[in-house]
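The points are grouped by topic and may be read alongside the sequence and the model.

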Amino acid sequence: MAKSAPSFTCTSCGAVHKKWAGRCDACGAWNSIVEESPLGAGPSAKALTGKGRVIALSSLSSTEKPPPRTRSGMTELDQVLGGGLVAASAILVGGDPGIGKSTLLLQAVAQFANAGLKCMYISGEEAPAQVRMRAQRLGLAQAPVALGAETNLRDILTTLDAERPDLVVIDSIQTMWLDTVESAPGSVSQVRAAAHELVTFAKRRGVSVVLVGHVTKEGQIAGPRVVEHMVDTVLYFEGQRGHQFRILRAVKNRFGPADEIGVFEMTGAGLAEVANPSALFLSERGQPAAGSVVFAGIEGTRPMLTEIQALVTPSPLGTPRRTVVGLDGGRLSTIMAVLEARCGVPFTGLDVFLNVAGGMRVNEPAADLAVAAALLSAREDIALPADTVVFGEISLSGALRPVGQTENRLKEAKKLGFTAAIAPARSKLSGDEGMTIRQITDLTAFVGETFGA
Ligand code: TYD
Ligand code: MG
């Protein structure tokens with residue numbers, strides 16, 4: 001049987017290969033494939049498995065109520081979850097080590113406990129005394145949360161079965177191990193098997209499970225990628241070192257919109273919610289400066305204004321630098337290629353630095369026009385008016401494409417005191433935006449009119 005044959009799994013994307021290779025065909029990562037011993041069927045795996053049964057889809061609507069949702073009271077978190085925590089759901093929270101996952105979840109668990117859920121926080125990384133110390137620092141020492149320090153999953157499942165909490169946080173999935181799997185904790189087999197046991201448990205017993213997963217660049221420790229498809233919701237906690245802002249982003253959510261974000265600020269007393277992120281991301285803006293453009297973006301369901309900054313300087317190097325923070329490097333190359341080929345604006349011999357202010361990450365194609373405007377503004381040393389927001393997608397032909405949710409973008413801009421917008425032609429406008437809207441059909445005309453290039 002194929003059961004005894006070893007398989008090889010990519011720690012970066014989770015793809016399974018028949019033999020080892022230096023590079024994963026599926027995701028292109030180098031040196032990420034590790035040998036995995038076959039999954040053993042543990043005794044409890046059998047015990048948990050009930051008889052198969054099927055239910056008619058039509059019978060569901062009348063007899064079964066939708067699972068209840070509980071709000072934590074942390075608005076940003078509830079929003080990212082799609083309106084609160086769904087009972088019996090499995091959630092993965094991934095992020096770089098030290099970004100604040102344990103802090104966020106300890107705060108969340110305390111909030112959910114105060115909201116009436118029976119909560120447990122199981123740490124495989126810290127002793128209960130250390131968790132308590134952190135809770136004290138966060139002002140949560142009195143929260144009715146049960147703490148555990150354990151890494152043996154069998155023991156944890158037994159405890160959970162006896163205690164029947166509503167919500168359990170496992171910090172982190174990489175520290176958990178099952179005795180039925182031969183490899184070391186943190187290996188792909190262990191992470192996958194442990195996550196599978198926990199998710200199965202969540203569904204059978206109606207317990208919500210939050211798994212914390214470290215994302216590491218090295219292939220040694222299995223990234224939470226292998227767990228992503230098993231859970232209902234995948235949240236990533238992101239932020240840049242040196243910035244206190246943290247963004248919780250839903251990349252997958254069976255119970256709410258994906259791409260939803262929540263913004264937090266890391267303070268001396270834990271994570272604080274940021275209610276008006278646009279105002280915060282723009283708060284450091286000074287006088288109108290060349291290279292600075294305000295992008296009216298949408299993150300998930302809500303509008304978010306961010307400042308895109310560019311710096312273009314003569315390069316002393318044979319191959320000029322292209323440094324980009326908070327945006328996709330490939331997208332920058334594409335926009336520069338369009339500017340060069342369609343508008344006759346070359347960047348040869350020039351270093352280009354691009355940055356989204358405040359540690360925010362922008363993934364929308366709607367940012368194209370703002371990026372192009374920032375590059376041109378920096379290159380020509382001409383500042384755009386400070387009261388103008390920009391958005392629009394650029395096609396390879398240099399034409400501008402309208403983007404979704406124009407109305408929401410403009411509304412947010414107006415709320416923050418902007419009076420003008422540069423947007424693609426054919427954008428859906430109602431006519432009563434109360435702003436001056438300049439509609440652009442193609443990039444060449446925009447470049448000529450605005451920068452005279
Ligand atoms: P932590 O939650 O331990 O990160 P993770 O679980 O993702 O590895 O957060 C660690 C960082 O957060 C650490 O660098 C210190 C900082 N921090 C604060 O700034 N304020 C606080 O109140 C706490 C608890 C942590
Ligand atoms: Mg931690």
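**Briefing on the predicted model**

In this predicted model, residues Leu332, Ile335, Met336 and Leu339 of helix H10 meet Asp368, Val371, Ala372 and Leu375 of helix H11. By class, this contact between H10 and H11 comprises seven nonpolar residues, no polar residues and one charged residue. The points below treat the helix pair, the nonpolar core, the domains, the backbone and selected individual residues.

**Helix pair H10 and H11**

- Helix H10 spans residues 329-343 and helix H11 spans residues 368-380; their axes come within 10 Å and cross at roughly 65 degrees.
- The crossing in which H10 passes H11 is right-handed.

**Nonpolar core**

- The largest nonpolar core contains 118 residues, of which Val109, Ile170, Leu211, Phe295, Ala370, Val371 and Leu375 touch the most other members.
- Both domain 2 (68-275) and domain 3 (280-451) contribute at least three residues to this core.
- Leu375 belongs to that core and also takes part in the meeting of H10 with H11.
- When neighbours within four places in sequence are set aside, the contacts of Leu375 are Ala310, Val312, Met336, Leu339 and Val352.
- Val371 is likewise listed among the core residues that touch the most other members, and Val371 is one of the H11 residues that meet H10.

**Domains**

- The chain is divided into domain 1 (1-36), domain 2 (68-275) and domain 3 (280-451).
- A distance of 27 Å separates the C-alpha centres of domain 1 and domain 2.
- Nine residues from domain 1 and seven residues from domain 2 form the contact between these two domains.
- On the side of domain 1 that touches domain 2, two residues are nonpolar, six are polar and one is charged.

**Backbone geometry**

- Most residues other than glycine have a negative phi, and most peptide bonds are trans.
- The peptide bond from Asp171 to Ser172 is cis, and its omega is near 0 degrees.
- Ser172 is placed in the loop between strand E9 (167-171) and helix H7 (188-205).
- Ala88 is not a glycine, yet its phi is positive, at about 60 degrees.
- The loop between strand E5 (85-86) and strand E6 (90-95) holds Ala88, which counts as partly exposed because it has 17 C-beta neighbours inside 10 Å.
- Asp381, also not a glycine, has a positive phi of about 55 degrees.
- Asp381 is located in the loop between H11 and strand E19 (388-390), and Asp381 counts as exposed because it has 11 C-beta neighbours inside 10 Å.

**Selected residues and distances**

- His214 is located in strand E10, which covers residues 208-214.
- His214 has 21 C-beta neighbours inside 10 Å and therefore counts as buried, the threshold being 20 or more.
- From C-alpha to C-alpha, His214 and Asp166 are 24 Å apart in space, and they are 48 residues apart in sequence.
- Gly286 lies in the loop between helix H9 (277-282) and strand E15 (292-299).
- Gly286 has 7 other C-beta atoms within 10 Å and is therefore exposed, the limit for this class being 12 or fewer.
- Gly286 and Ala115 are 171 residues apart in sequence, and their C-alpha atoms are 42 Å apart in space.

Key:
Residues are numbered from 1 along each chain as its sequence is written. Chains are lettered from A and ligands numbered from 1 in the order in which they are written. This is a predicted model: local features need pLDDT of at least 70, side-chain atom pairs count only at pLDDT 80 or more; totals for chains, interfaces and linings use all residues. A nonpolar core is a set of buried Ala, Val, Leu, Ile, Met, Phe, Trp, Tyr and Cys residues joined through C-beta atoms within 7 Å. Domain bounds come from an automatic or database domain assignment. Axes are lines fitted to C-alpha atoms, for helices over the stretch in contact, and angles run from 0 to 180 degrees between N-to-C directions. Helices (H or I, at least four residues) and strands (E, at least two) are DSSP runs, numbered from the N terminus. A crossing is left-handed if the near helix is turned anticlockwise from the far one by less than a right angle, and right-handed if clockwise. Ala, Val, Leu, Ile, Met, Phe, Trp, Tyr, Cys and Pro count as nonpolar, Asp, Glu, Lys and Arg as charged, and the others, Gly among them, as polar.
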